[in-house]
Amino acid sequence: MRGIPGFIPRRLITLAVLAGVFLSPELASAQQSKKAELKEHYVFEFVRVFYTKEGTGAVSPIDVNQNGVSDQVENVAKQVWAAHQLFCSALEFPDPFESDRFQGVNCIQVSIRDRKEMGGLNGIAYSSAQRARKIPEGSPKDRCIVMAISSQLDPTKNVTPTHETFHLVQYGATQFKNTWFLEGMARWAEHGTGKEGIGEIKYSPKGPWPQIPAHLAQLAKMKSESEHVLWNPIAAGTDRDGSLTTQMLGQKLASLTYADGTPVLRDRFLQGGKVMRDIIVELGKMDDVAFKDLKLEKWTEENRRALENNPYIYKAIMDALRNQGMKVGDYEIPAELKR
């Protein structure tokens, strides 16, 4: 696969253009502006949601089940908890609570904020752990992993909390943060709490694997759209069933409902759980190989997203596919990277 334009690393290509390394002007401006104070909080298991009832970013006052908590807040917490349980318990993905990167973490902290404070985004997940905010139900030693969700978002109709929770899984498992991996795979993960099945497929699940050079050249330039040409085809090609049974999920997760009584796991169907877990595990090993080959001194935000990572990420994917019994041709790391 040597010399594939846009896939084999070229140091002089601006990383920001290819992988979206730098913040957009809107997001940078939002982070510099004063954010609304979130005085209220709600706890659901290990998920802690902070929000405001007044002013910019106020949550919806609707409380259908009349438990004294905004349904929006309750539903965000339940979807985050359900996504974590689905991936890390039922499907046995590496749990960020148990990762070396997030040592001592025991909760997920969610801020519900006005979308303008988040640069117009529906959600953001952060890759660094921090001390948890003090609450009566907690301990001063609590540490958390963190995300923010838009106050304009209705979690009964939008699976952004699942997407951001899966990013936390990715961050805990591997150092790689190339966008075609992060965003495309997280878009696959959304189907875990969505209701549209596996979603659109634009590349044959039968391959050929590895993909042809022209496709690989485009893959490194993709963001969430890589879902349709890589992640969904892989999922469909390795898992014809995809049923999320009550035995697999456990009764609490299988029966969990939003405040209005609708199920959090909307269609109990997700193809590809096993192969995606195996890919994440392989990536956790492969970033060590990349660190050595590329002679890195430490992982920085720049080299976590570097173009040089792409062959290592893709090799981990091909190795996982091969382990699943799929017919996969040779794919090796280019010799010029093994300096």
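Guide: Helices are DSSP runs of H or I with at least four residues, strands are runs of E with at least two, and both are numbered from the N terminus. The model is predicted, so local features need pLDDT of at least 70 and side-chain atom pairs count only at pLDDT 80 or more, while totals for chains, interfaces and linings use all residues. Residues are numbered from 1 along each chain as its sequence is written, and side-chain values use heavy atoms, with hydrogens and water left out.

Visitor: What does the secondary structure of the protein come to?

Guide: The protein has twelve helices and six strands.

Visitor: What span should helix H10 have?

Guide: The expected span of a helix is 1.5 Å times one less than its number of residues. Helix H10 covers residues 273-293, 21 residues that should span 30 Å, and its end C-alpha atoms are 30 Å apart, which agrees.

Visitor: Where is the kink in H10 centred?

Guide: The bend at a residue is the angle between axes fitted to the seven residues ending there and the seven starting there. In H10 the kink is about 25° and is centred on glycine 284. After H10 comes lysine 295, which has a positive phi near 55°.

Visitor: Is threonine 165 buried or exposed?

Guide: Buried means under 20% relative accessible area, exposed over 50%, and partly exposed in between (1.4 Å probe, protein chains only). Threonine 165 lies in helix H4 (residues 160-173) and is buried, with a relative accessible area of 1%. Contact means heavy atoms within 4.5 Å. Setting aside neighbours within four places in sequence, threonine 165 contacts Val80, Ala83, His84 and Met147. In the protein, buried residues make up 57% of the 339 residues.

Visitor: How many aromatic pairs does the count come to?

Guide: A pair of aromatic rings is described by the distance of the centres and the angle of the planes. Rings of Phe, Tyr and Trp (its six-membered ring) pair if their centres lie within 6.5 Å; planes under 30 degrees apart count as stacked, over 60 as edge-to-face and the rest as tilted. By this rule there are 13 aromatic pairs. One of them joins phenylalanine 176 and tryptophan 299, edge-to-face, at 6.0 Å centre to centre and 85° between the planes. Phenylalanine 176 is in the loop between H4 and helix H5 (179-190), and tryptophan 299 is in the loop between H10 and helix H11 (301-304), so the pair ties together parts that are 123 residues apart in sequence. Both phenylalanine 176 and tryptophan 299 are buried.
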